Amino acid sequence: MFASIIKRDGRTQEFHENKITDALFKCLQAVGETDRQKAMELTLEVIKKIKQQYKEDNYTVEDVQDIAETVLIEHGITKAAKAYILYRENRSRLREARSELMNAVSEIVQETNRDNANVGNSPSAKVLQISELASKNYYLKRVLPEKEANAHLNGDIYIHDLSWYGKTLTCLQIPLDRLLREGFNNGHGYIRSPKSIKTAASLAAIILQSNQNDMHGGQSFAYFDRDLAVYAELEKTRQEKLIRENLKELGLTADEEKIKKLVYDRTNEEIYQAMEGFIYNLNTMHSRAGAQVPFSSINFGTDTTEAGRMISENFLLAYEKGLGKGESPLFPNVCFKLKEDINFEEGDPNYDLFQLSMRVACKRLFPTYSFMDSSFNKPFRGEEVAYMGCRTRVISNCNGKDATNSRGNLSFTTINLPRIGIRADKDISVFWKYLDEIFDLCVEQLLTRYNVQKQLKVKDFPFLMGQKLYVDSENLSSNDTIEKAIRNGTLSIGFIGLAECLIALMGKHHGESPEAQAFGVVIISHMRRRCDEATKKYGLNFTLLATPAEQLSGKFTQLDIEKYGVIPGVTDKQWYTNSFHVPVEYQINALDKVIIEGAYHKCCNAGHITYVELKSAPENNLKAFESIIRAMADADIGYGAVNFPVDICCECGLNGVINEDICPKCGGNRINRVRRITGYLSTLDRFNDSKLAEIQHRQVHQV
């Protein structure tokens with residue numbers, strides 16, 4: 001008797017009565033009793049009852065704790081009994097959390113999860129995800145207010161990048177021009193301003209990598225062509241000097257026109273090699289302790305100077321060529337700016353670059369296109385709008401100058417629109433009530449997180465704040481908090497599954513019904529209006545985001561199936577539709593899809609994107625591709641892309657649609673299948689199950 005006890009997991013361990021005493025004494029202390037002798041006397045009572053109830057050592061930890069509670073109550077120590085009950089509950093929660101954490105860690109050790117398609121299966125990736133998992137558990141259980149944590153856990157909202165909650169910010173449009181002009185320090189010494197285009201391009205890649213180590217989201221250059229044009233000019237000067245010196249050493253002379261052409265050709269060659277090296281670096285240079293390459297983006301296309309045009313042209317040519325065996329580069333995210341009188345019509349100075357960009361996009365999926373003349377981008381003519389990553393847009397600022405450069409998103413939280421539609425049960429007035437309640441919770445949650453973020457110090461961000469990349473960080477010292485700078489950033493409220501929400505409310509989605517489309521616009525316009533109201537109320541930049549739903553899509557759906565069952569058209573598949581998009585499985589022609597989705601772009605000032613899906617690469621039909629891009633411009637779209645399968649044989653470099661697992665050209669079995677996922681490119685083997693299911697159901701849009 002009393003030799004052993006059965007633990008909760010079924011294992012048997014040695015019985016120690018002092019553990020009962022310790023637990024009882026903690027409860028007595030909680031109510032002001034400091035006499036350990038009392039706890040020892042109560043322990044004897046517990047042991048006595050165990051002897052009476054159990055003839056052998058077949059009692060469990062739970063059995064003993066039940067008896068301890070009974071003894072406390074029988075002795076009239078009700079407050080201590082309550083303390084003991086709370087003690088048991090807390091211990092139980094800790095055990096459950098530890099068990100959940102260990103189970104999740106066990107899965108990651110076997111194979112990295114695929115919530116993030118940019119994270120591979122390397123040892124460092126596993127360590128990163130294990131640490132992120134522990135961090136997420138910490139914030140949910142120790143930092144977040146219970147109401148906000150529960151809303152995230154039960155699927156009303158989703159707090160993005162929760163593992164980074166109180167450590168950093170999301171993304172940044174990096175001021176490349178200033179860093180290259182003034183030089184910078186990434187932690188191991190000062191890097192001077194470059195003197196050649198190759199060095200400038202290499203440093204640009206290092207800058208993206210360095211800042212990625214300080215942030216969890218995208219890193220972007222808003223004016224890639226303009227910022228590197230300075231170093232293209234320097235390269236031209238350098239090449240001319242070298243050529244003239246060589247001619248002089250050889251005692252030769254040459255016609256000035258020939259010298260001019262030779263200078264241009266050599267400069268152009270150097271720029272091409274610099275752009276090729278930049279692309280190679282961004283697809284091989286890892287950040288976050290080697291777990292992933294940077295989430296990099298570049299914007300270009302509107303610099304009409306000779307040097308700026310050379311940067312744009314050679315980047316496009318290098319990107320078109322691809323990697324070593326012709327593979328499609330996955331990074332950077334390439335965004336070509338379209339602007340009237342610059343590149344959009346024949347006769348414009350950069351019209352040829354627009355044509356080249358489409359040729360490249362028809363092979364490589366990039367560039368995507370941003371429309372500077374859309375109704376919501378055109379007012380910022382003096383400070384061109386630039387997009388980042390999968391869709392992020394940062395421009396207007398209630399706390400300073402409207403600007404793209406040196407600003408970014410601080411955090412974002414997504415609303416589960418389908419759930420609100422399901423809960424409303426076709427009652428529109430109830431729907432508005434629920435939507436406003438959840439919206440208010442999101443505002444509250446973003447403010448809670450902001451109040452944590454603003455307490456971080458400059459020294460916590462060695463590159464981001466140490467190199468003064470954020471607007472208004474110029475005069476901050478190492479021990480200062482970052483609040484003065486980050487109040488210029490954005491706090492975004494996102495949404496997912498407008499289509500499923502409309503089906504739950506009206507029986508049809510916005511692609512099927514003009515009435516549903518009209519109501520969908522009303523819903524998203526209402527959310528944008530609420531963001532603007534929050535901006536005025538709190539003096540912070542609240543914005544509305546058309547959420548990219550890589551990891552979230554299937555999570556919300558699974559939770560809603562568990563809660564509400566399978567509802568036709570709503571929860572009967574593995575994913576919710578991306579933001580305001582027409583469902584991928586719905587057959588619709590490209591023009592109609594573009595017009596329907598175009599109505600939502602102006603509401604989503606934090607970011608938006610519209611896709612058109614084609615059966616295969618339209619390399620032989622550039623006119624059809626161009627008609628899609630022009631239709632997007634006509635529909636007042638801010639940011640758009642065209643999707644199609646890109647399959648590449650890793651053995652021979654064959655590029656196209658390879659339906660079998662064997663290359664028809666060389667017989668190789670290593671096929672790289674590149675697809676666009678929430679804005680970025682990735683390979684199918686890195687997609688999570690819900691996104692794989694969505695890919696398989698995507699319908700081609702007829703042009």
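Start by selecting helix H3 and colouring Val61, Val64, Gln65, Ile67, Ala68, Glu69, Val71 and Leu72: these residues of H3 are buried. As you look along the helix, keep a general rule in mind: an α-helix has 3.6 residues a turn, so residues three or four places apart point the same way. Keep in mind, too, that you are exploring a predicted model.

Now select residues 61–74 to see the whole of H3. This helix has 14 residues and reaches 20 Å from its first C-alpha to its last, close to the 20 Å expected at 1.5 Å a residue. Step just past the end of H3 and click on Gly76, where phi is positive, at about 75 degrees.

**Zoom out**

Show the protein chain as a cartoon. There are 21 helices and 21 strands to find, and the C-alpha trace spans about 110 × 65 × 60 Å along its principal axes. Of the 703 residues, 57% count as buried. Among contacts with a separation of 6 or more, 71% are between residues 24 or more positions apart.

**A four-stranded sheet**

Next, select strands S3, S13, S14 and S15. They form an open sheet in the order S3-S13-S14-S15, with mixed pairing. Which strands lie at the edges? They are S3 (157–159) and S15 (541–546), each of which pairs on one side only. Neighbouring strands here are turned by 25 degrees against each other on average, ignoring direction.

Zoom in on S13 (residues 409–416) and S14 (residues 490–496). These two strands run parallel and are joined by seven bridges. For one example, click on Ser411, whose bridge partner in S14 is Leu491. In general, strands of a sheet pair through backbone hydrogen bonds, either parallel or antiparallel.

Show side chains in the contact, including Phe431, Trp432 and Leu435 of H14, and Phe519, His526 and Arg530 of H17. What classes of residue make up this contact? It has 14 nonpolar, one polar and three charged residues.

Note on methods
Residues are numbered from 1 along each chain as its sequence is written. This is a predicted model: local features need pLDDT of at least 70, side-chain atom pairs count only at pLDDT 80 or more; totals for chains, interfaces and linings use all residues. Side-chain values use heavy atoms; hydrogens and water are left out. Two strands pair if DSSP finds at least two bridges between them. Axes are lines fitted to C-alpha atoms, for helices over the stretch in contact, and angles run from 0 to 180 degrees between N-to-C directions. Contact means heavy atoms within 4.5 Å. Ala, Val, Leu, Ile, Met, Phe, Trp, Tyr, Cys and Pro count as nonpolar, Asp, Glu, Lys and Arg as charged, and the others, Gly among them, as polar. The expected span of a helix is 1.5 Å times one less than its number of residues. Buried means under 20% relative accessible area, exposed over 50%, partly exposed in between (1.4 Å probe, protein chains only).
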